[in-house]
Amino acid sequence: MNQEYEYIANLNPDEKKAFLDCFCCMICADKQVSKEEIEFLKNIGKMYDIPESDIVAVMKSLNKNETVDNIGQKITDRKKALQLIKELCYLANSDSGLDDTEIDFIIDIAEKLNIENEKIKQINKWVLDKIVLLRTGDIILENE
């Protein structure tokens, strides 16, 4: 597994479910589900060892307010919380752009996890830099 995703091995089943709930809320935040977002969910399902049927069930029973209200009790470790924010930033930037509802959702989750606004900005900038770097690599190596 990629070093960036080693944290997954340290997530218990409840934490994995909390991450998944947040990802599904993020995908539905802007009311438009892109093919990149569906791909993200499929990959997450594989990495988190969550069957697609479970992901579909979560999407159908989604409750954004409940997810936001309960995240602080489900994710109590700061390192895991930072990983969640990173993944939400990746997801928010995976489609055509960062929507205001996606930004609001990330901020709401971060507040419940006691993550500072400055830290969110740093994580999002790092994610954007990484996305640009990977795309540049694809162009240079003619992978597109």
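**Pockets, helix packing and aromatic pairs**

Helix 2 gives the largest share of the lining of the largest pocket, six residues. The structure is a predicted model. The volume of this largest pocket is about 500 Å³. Its lining comprises 18 residues. Tyr 5, Phe 40, Tyr 90, Ser 94 and Ile 131 are the closest to the pocket centre. At least two lining residues come from each of helix 2 (35-48), helix 5 (78-92) and helix 7 (117-140). By class, seven lining residues are nonpolar, four are polar and seven are charged.

The second largest pocket holds about 200 Å³ of space. Tyr 7, Asn 10, Asp 77, Lys 79 and Lys 80 belong to its lining, as do Leu 82, Gln 83, Lys 86, Ile 123 and Trp 126. Here the largest share, five residues, is supplied by helix 5. Helix 5 and helix 7 each provide at least two residues of this lining. The lining of the second largest pocket divides into four nonpolar, two polar and four charged residues.

Helix packing was examined next. Two packed helices are described by the angle between their axes and the distance between the axes. For helix 4 (residues 64-74) and helix 6 (residues 100-112), the axes come within 7 Å. The crossing angle is roughly 30°. Angles under 35 degrees count as roughly parallel. Helix 4 and helix 6 are therefore roughly parallel to each other. On the helix 4 side, the contact is formed by Lys 64, Val 68, Asp 69, Ile 71 and Gly 72. These residues meet Phe 105, Asp 108, Ile 109 and Lys 112 of helix 6. By class, this contact has four nonpolar, one polar and four charged residues.

Six were found. One of them joins Phe 19 and Tyr 48, whose ring centres lie 6.0 Å apart. The ring planes stand at 45°, so the pair is tilted. Planes under 30 degrees apart would count as stacked, and planes over 60 as edge-to-face. Phe 19 lies in helix 1 (residues 13-29), and Tyr 48 lies in helix 2. The two residues are 29 residues apart, and the pair links distant parts of the chain. Helix 2 therefore takes part both in this aromatic pair and in the lining of the largest pocket.

Methods
Residues are numbered from 1 along each chain as its sequence is written. This is a predicted model: local features need pLDDT of at least 70, side-chain atom pairs count only at pLDDT 80 or more; totals for chains, interfaces and linings use all residues. Side-chain values use heavy atoms; hydrogens and water are left out. On a 1 Å grid over the protein atoms alone, a cavity is a set of points where a 1.4 Å probe fits but cannot get out, and a pocket is an open set with protein on both sides within 12 Å along at least five of seven lines; lining residues have an atom within 4 Å of a point. Grid points are joined across faces, edges and corners, and a volume is the space filled by probe spheres set on the points. Helices (H or I, at least four residues) and strands (E, at least two) are DSSP runs, numbered from the N terminus. Ala, Val, Leu, Ile, Met, Phe, Trp, Tyr, Cys and Pro count as nonpolar, Asp, Glu, Lys and Arg as charged, and the others, Gly among them, as polar. Axes are lines fitted to C-alpha atoms, for helices over the stretch in contact, and angles run from 0 to 180 degrees between N-to-C directions. Angles under 35 degrees count as roughly parallel, over 145 as roughly antiparallel, 65 to 115 as roughly perpendicular and the rest as oblique. Contact means heavy atoms within 4.5 Å. Rings of Phe, Tyr and Trp (its six-membered ring) pair if their centres lie within 6.5 Å; planes under 30 degrees apart count as stacked, over 60 as edge-to-face and the rest as tilted.
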